[in-house]
Each structure stands twice: as structure tokens, then as C-alpha cells.
Amino acid sequence: MMLDLSGIPSIMASHMAPRPTWKGYLKVSLVNIPVKVFPATESAAALSFNQLHGECQTRIQQKRWCPHCEREVPNSELVKGYEFEKGRYVIVTDEDIQKVRVESTRVIDLAQFTDETEIDPIYVDRAYYLAPDGGVAADAFAVMREGMVGKAGIGKMALYGREYLVAVRPQKKGLVMYTLHHDAEIRSIDQIEELNSVPTKVKPEEMKLAKQVIATFDAELNLKDYKDEYKEGLRKIIDAKISGEEIVAQEEQEPPKVVDLMEALRRSLNAVSSEKKKPVKADLAQPAAKAKAANGARKRKAG
């Protein structure tokens, strides 16, 4: 079963305006639209660490060393080499690379369209936003965006020194482009030997309970509800160390092993059902208490 690409997050950092990483044309048949390509994800938010010498806490320098000449090599002396035989290289210059003039270096050529649900997310690599390059291109861009609703265009483009397979589909006012892995890059799930021991048939009663448990967690997806708790916890530890506070590690608890699947499923279902019924019971208790009090008042009045 293929999944909808709309479930894949496209996160844009709000604190600074993104810069285009590529300019060219979006081509559909004979229509060419000038576009800019922007990164759709922001990795700068991740915590990063520097390597230090533990003894003096000085930042370590990584130097490029030539073992043949026995000296450090500056950037000005570095060249690109392709190893065509063991220990033998051919030098490839920037001028050589510039001689590669495939159409995709300037054009995102959409060769076909398909339903956006037909693209398996396992093929998706990175996400980018497309926007019109200039006011003149905006009208054609809007028309093509509306015409692509529900569809994904498949094509090629050259980015960061290599040619990518891409999928382009509408998103709000713009287009989102996913670079895709080629089929040869995807390992077959059949190569995972551990899966050979997984039974092909399951017990109907176990499957019924499993579906009931899954149904209790069924809800509308909002990825904003999910936070990076690991990064937040690491940030707290760093802040505590900066402040000189003592860090107390929480005791890690191993999840219990499932011995009886049916029992585990029943307990899961009961636990979720009990949790969902709590507010309902509280609501029902209130009118019951009122009815009891009113009944007592009537008895006192009759006496």
C-alpha cells in the first residue's frame, strides 16, 4: 500500500528568510516557468558539539595531512580524484564538471504525472519548496499549481553536483519538490533475514483484538503535537552543567516482555477504555449526586 506524501512534514524555519539554493525552470511539455528552489527543512535547530582536548578543553583542529609528503596540505593544493583502479586516480577539475551540460542543470523537466498517493515514502529523500522567479512567472506558476492538484509530477534536476529524480506536487500557494532515491538505491525488504521467521498467518482472535487496540488510538494527525523530547532533555542537562547543578539520571526501565499476546492486547484495550471512560464517569456522577440530594430534600419536606 502506498502512502500519501501529504503526511510527510515540510518544516520551514520562521526566524529567518530562506535563501534559494537553485534557480532555473520548471518544464511541463512546452511550458517553461522560471522558479527558485528553497530548502523546506531546517537542521540548524539540532544541538551540535565540538571535539575538545579533555585535559585542557581546547578545541581540536582537524588538519589535512599528506602521508607521502609528510606535511599539512592547504585547501589551495587540494584536487578531486576518481579512483578507477586500486591506488590509481584520474584528476577531475571544476572545469571538467562544468562541461556536463545535461538539461537538468537548468531545468526541472517533469516527464510524467501520477496520483500523489502512488509514491512510496521510502523513496523520499529531502524536501524543497518551489516559488516563481519574478512577477511574470507568478501567473503561469499558479495555473500549473492548480492544474496539478491531487497529482505529482516526476522528473529530473541537477543539484549539488549530481542529478536527482524528483517529485513535484502542490502545497498551499506553492509547490513542494521531493528528491527521490532511485529504485537501485532501495534495499528489498526480502533481504532482511530476521523476517523469514515471521508467520504469514495470524490467529483471527488476536488480529481482532489488535485492530480494536489500534482503533482506540485512531486520531487526526497533527505533527505539531510531537516534540523532540530527546533534544529538550539534553538541553536541560547542558543548562544544568553550565549552572553547576547536580544532574540526577532517571532510572531507565526496561519494557516488559510480551509472554501472552492475547493477555497483553486485552490489558491494552482495557487500559485505554478505562482512560477514556474517566471523564464520562465524572460527568454521570454529578447528576446522580444531584438526584440523590433532591430525593432527600423531598423526603424531609414530606416528613
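In this predicted model, K156 is partly exposed, because its relative accessible area is 42%. The side chain of K156 forms a salt bridge with that of E163, at an N to O distance of 3.9 Å. E163 likewise counts as partly exposed, at 35% relative accessibility.

**Salt bridges**

Side chains of opposite charge can pair when their charged atoms come close. The structure has a count of 8 salt bridges, and the table lists some of them.

| Pair | N to O distance |
|---|---|
| E163 and K156 | 3.9 Å |
| E85 and R88 | 3.2 Å |
| D115 and K151 | 2.7 Å |

The pair of D115 and K151 joins strand β9 to strand β11, so that parts 36 residues apart in sequence are tied together. D115 is partly exposed at 36% relative accessible area, and K151 is partly exposed at 35%. In the pair of E85 and R88, E85 is partly exposed with a relative accessible area of 43%, while R88 is partly exposed at 45%.

In soluble globular proteins, nonpolar side chains tend to be buried together. Here the largest nonpolar core comprises 21 residues, and I108, L130, V168 and M177 have the most contacts inside it. Two or more residues of this core come from each of β1 (22-28), β2 (31-39), β9 (107-115), β10 (124-132), α2 (135-147), β11, β12 (162-171) and β13. Beyond four places in sequence, V168 touches I108, L110, L130, M148, K151, A152, G153, L175, V176 and M177. Another core, of 12 residues, lies apart from the largest one and includes A40, V124, Y129 and Y178.

**L159**

L159 belongs to strand β11 (residues 151-159). Its relative accessible area is 2%, which means that L159 is buried, the limit being under 20%. When residues up to four places away in sequence are not counted, L159 touches T21, W22, Y128 and Y164. Although L159 and T21 are 138 residues apart along the chain, their C-alpha atoms are separated by 8.7 Å.

**Surface patch and cysteines**

I189, I192, L195 and V198 make a nonpolar surface patch of about 360 Å². Within this group, I192 is found in the loop between β13 (174-180) and α3 (204-216), and I192 is partly exposed at 42% relative accessibility.

The structure holds 0 disulfides. C69 is partly exposed, with a relative accessible area of 45%, and C56 is partly exposed at 46%.

How values were computed:
Residues are numbered from 1 along each chain as its sequence is written. This is a predicted model: local features need pLDDT of at least 70, side-chain atom pairs count only at pLDDT 80 or more; totals for chains, interfaces and linings use all residues. Side-chain values use heavy atoms; hydrogens and water are left out. Patches are made of residues with over 30% relative accessible area and no salt bridge: like charges are joined within 9 Å, nonpolar side chains (Val, Leu, Ile, Met, Phe, Trp, Tyr) within 5 Å. Accessible areas come from the Shrake-Rupley method with a 1.4 Å probe; for residues, only the protein chains shown count as cover. A salt bridge is a side-chain nitrogen of Lys or Arg within 4 Å of a carboxyl oxygen of Asp or Glu. Helices (H or I, at least four residues) and strands (E, at least two) are DSSP runs, numbered from the N terminus. Buried means under 20% relative accessible area, exposed over 50%, partly exposed in between (1.4 Å probe, protein chains only). A disulfide is a pair of cysteine sulfur atoms within 2.5 Å. Contact means heavy atoms within 4.5 Å. A nonpolar core is a set of buried Ala, Val, Leu, Ile, Met, Phe, Trp, Tyr and Cys residues joined through side-chain atoms within 4.5 Å.
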